[in-house]
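Let's walk through this structure together, from its overall layout down to a single residue. Have the sequence and the 3D view open as you read.

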Amino acid sequence: KEDRGPQVVERPESGVTGRKIIYDKDGKPCRACNTLLDFRMATGGSVASGSTQSKPKDSFEKKETVPSKDCPPDVEELGRSSWTLLHSIAATYPEKPTGDQQSNLKQFISLFGKLYPCWFCGEDFQSYVEKKEPQVMTQEAFGRWLCDAHNEVNIKLGKPTFDCNLWKQRWKDGWDD
Ligand code: FAD
């Protein structure tokens, strides 16, 4: 039998974390939809860890911004930052919003799902919004609606759910010491 050497997986279905690899519509692995580890694996381990630009000689003296080693966000970092933004919006949303404020928030939530960089996360979020209409009448109603939406993703990912009675301590008032 002919020895064809080690098998090269062109388009792996799952990554090193065991999660399904998500591809963009152009067929390339989606950076914002996978963990960094899985993305690295799916792209043959060739993910640049940061800018390769060399630091300009006099940049330190001039206090210029030096290109950092930070990478574009993976699905987890993007998610954490996005939930922080969303829950913080809930925490600063008026307790008695005007009609305009309610309409702005509804539009924002709708656009958020459409524009979310992890496309399959955004699609699921849009389905949730269609199934459970965002509750924008009061701050408390929106904070709870968002907490439930976040819990839906927690369940999907096999993470513990969060007690929504505590959303304000977590995102607005802080914990009693
Ligand atoms: P996160 O879930 O990011 O939570 C951050 C913090 O929020 C926690 O530490 C906790 O203090 C608090 N918290 C947790 N649950 C709640 C809650 N219910 N209410 C209030 N506060 C809470 N990832 C995927 O892999 N697949 C997906 O389909 C997916 N869909 C997503 C959809 C949206 C709209 C968003 C914003 C993110 C999505 N993510 C998805 C990312 C995922 O939800 C997590 O953000 C990511 O896995 C990192 O998780 P984490 O454990 O750091 O905590």
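**From fold to residue**

Starting at the N terminus, the order of elements in the protein is α-α-α-α-α-α-α. That gives seven helices and zero strands. Helices (H or I, at least four residues) and strands (E, at least two) are DSSP runs, and they are numbered from the N terminus.

Two notes before we go on. Residues are numbered from 1 along each chain as its sequence is written. This is a predicted model, in which local features need pLDDT of at least 70, side-chain atom pairs count only at pLDDT 80 or more, and totals for chains, interfaces and linings use all residues.

Now let's look at the domains. The protein divides into domain 1 (11-47) and domain 2 (75-173), with bounds that come from an automatic or database domain assignment. Taken over C-alpha atoms, the centres of domain 1 and domain 2 lie 27 Å apart. Six residues from domain 1 and eight residues from domain 2 make the contact; two residues are in contact if their C-beta atoms, placed from the backbone, lie within 7 Å. The side of domain 1 that touches domain 2 has four nonpolar, two polar and no charged residues. In this scheme Ala, Val, Leu, Ile, Met, Phe, Trp, Tyr, Cys and Pro count as nonpolar, Asp, Glu, Lys and Arg as charged, and the others, Gly among them, as polar.

Next comes the ligand. It is surrounded by 21 residues, of which the closest are Gly 79, Ser 82, Cys 121, His 150 and Phe 162; a residue is near a molecule if its C-beta atom, placed from the backbone, lies within 6 Å of it. At least two residues of this shell come from each of helix H3 (75-92), helix H5 (119-131), helix H6 (139-156) and helix H7 (167-173). H3 gives the largest share, seven residues. By class, the shell has ten nonpolar, six polar and five charged residues.

Finally, find Phe 142 in helix H6. Phe 142 is buried because 25 other C-beta atoms lie within 10 Å. The cut-off for buried is 20 or more other C-beta atoms within 10 Å of a residue's own, with C-beta atoms placed from the backbone. Buried residues account for 15% of the 177 residues in the protein. Setting aside neighbours within four places in sequence, Phe 142 is in contact with Ala 90, Tyr 93, Leu 105, Pro 134, Gln 135 and Val 136.

Terms used. A residue is buried if 20 or more other C-beta atoms lie within 10 Å of its own, exposed if 12 or fewer, and partly exposed in between; C-beta atoms are placed from the backbone.
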